[in-house]
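Please look through the sequence and the model shown here.

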Amino acid sequence: MSAQSARQALRDALDADPDTLDNHVLRGAALSDAEVTRFDLVDTMAADVIADVTRAGETMTRKQFLTYDPSYQTNSSQVLVEALGEIPELAAVDALIREGDVPDDDGGDPVVAMAHSIGTGTGRIVAYRLKGAGIATRRARGIPLVPRNGVYRPLTGEILYYEPRFDALTVPGFVFFNTVTLVQTKLHAPDKARQLAKDTLKSVTKKIRIDGYAELEAAVMDDPSMRAKMAHVARLISDDPDYAKHLTTKKLVAFVEKYPDYDIATSTVGGKKSLKFDSSPQHRHQIPRLLADDYLHSYLTDRNYEAGSKQDVST
């Protein structure tokens with residue numbers, strides 16, 4: 001898969017000038033077990049939705065396309081691309097929508113996603129909303145009233161909100177989105193992030209003795225916040241290859257001994273000092289933070305702090 005081939009697939013779908021619309025809701029506790037149903041809109045609103053989806057696709061084609069990498073943080077001028085098959089839950093839903101043989105929506109379970117498909121045949125564009133007011137089913141506080149011939153009648157049951165914004169677009173074989181977190185949370189596809197965390201940990205600890213390495217490896221793969229921290233380490237090394245030179249047992253043990261307030265454990269393995277992974281909830285993040293150099297010193301108060309992020313101001 002390449003970002004360029006994905007861009008061309010989206011461009012081809014838009015050039016087909018799609019003017020037909022199908023609408024779907026996904027009902028259930030999560031995307032993985034949701035039932036896909038369809039619904040229609042009045043003609044005037046259907047035309048607006050077709051225009052909204054088309055506009056979203058056109059906007060994407062004017063941006064920089066990047067192959068999805070869990071360590072990458074996009075800006076407003078960039079779009080992430082992934083092979084649809086790499087996101088199994090969305091791929092299964094997308095296949096059902098493209099086949100078209102789903103029942104009409106009749107209410108029921110909460111809505112976890114809404115989808116709008118424009119075009120015909122296999123080249124359709126499907127736009128998904130997976131979060132925000134445009135997707136959630138709501139029961140308004142109080143009693144909503146709708147005027148009918150001078151009489152206000154109560155509106156009961158669930159209310160679905162439409163918003164002209166979309167979290168992901170698909171064409172056959174590809175999915176386009178703007179944020180890394182969407183894939184790992186709403187779309188439940190953390191495999192790339194897990195592998196990146198494992199590979200990064202292995203790479204940056206080549207010169208570091210860690211008592212409990214296997215447990216640390218499992219933790220950084222399974223814990224989303226620790227995966228994010230390892231992705232941060234990967235970006236640090238990518239931006240500054242010399243950063244890895246600081247990651248040695250000698251330097252890190254000297255650091256934690258000099259600053260005991262950070263409460264990072266050490267041990268002795270084979271007669272040599274090592275960092276020690278502590279799996280307790282209050283300490284399990286300490287070694288990833290150490291690898292990411294997440295510490296600050298205040299020259300104003302002469303105090304040391306943990307920091308989630310920082311900018312180098314030495315140059």
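Threonine 205 touches Ile210, Tyr213 and Leu291, leaving out residues up to four places away in sequence; contact here means heavy atoms within 4.5 Å. The model is predicted, so local features need pLDDT of at least 70 and side-chain atom pairs count only at pLDDT 80 or more, while totals for chains, interfaces and linings use all residues. Residues are numbered from 1 along each chain as its sequence is written, and side-chain values use heavy atoms, without hydrogens and water.

Threonine 205 sits in the loop between helix 5 (191-204) and strand 13 (210-211). Helices (H or I, at least four residues) and strands (E, at least two) are DSSP runs, numbered from the N terminus. Threonine 205 counts as buried because its relative accessibility is 8%; buried means under 20% relative accessible area, exposed over 50% and partly exposed in between, with a 1.4 Å probe and protein chains only.

In helix 8 (residues 249-258), the buried residues include Thr249, Leu252, Val253 and Val256. These four lie on the same side of helix 8 because they cover an arc of only 95 degrees around the axis, taken from the directions from the helix axis to the C-beta atoms. Exposed Lys250 and Lys258 are on the face turned away from the buried side of helix 8. Strand 14 (266-269), strand 15 (272-276) and helix 9 (286-291) are among the elements covering its buried residues.

The largest nonpolar core has 31 residues, of which Tyr128 and Phe177 touch the most other members. Such a core is a set of buried Ala, Val, Leu, Ile, Met, Phe, Trp, Tyr and Cys residues joined through side-chain atoms within 4.5 Å. Strand 5 gives the most to this core, with 4 residues.
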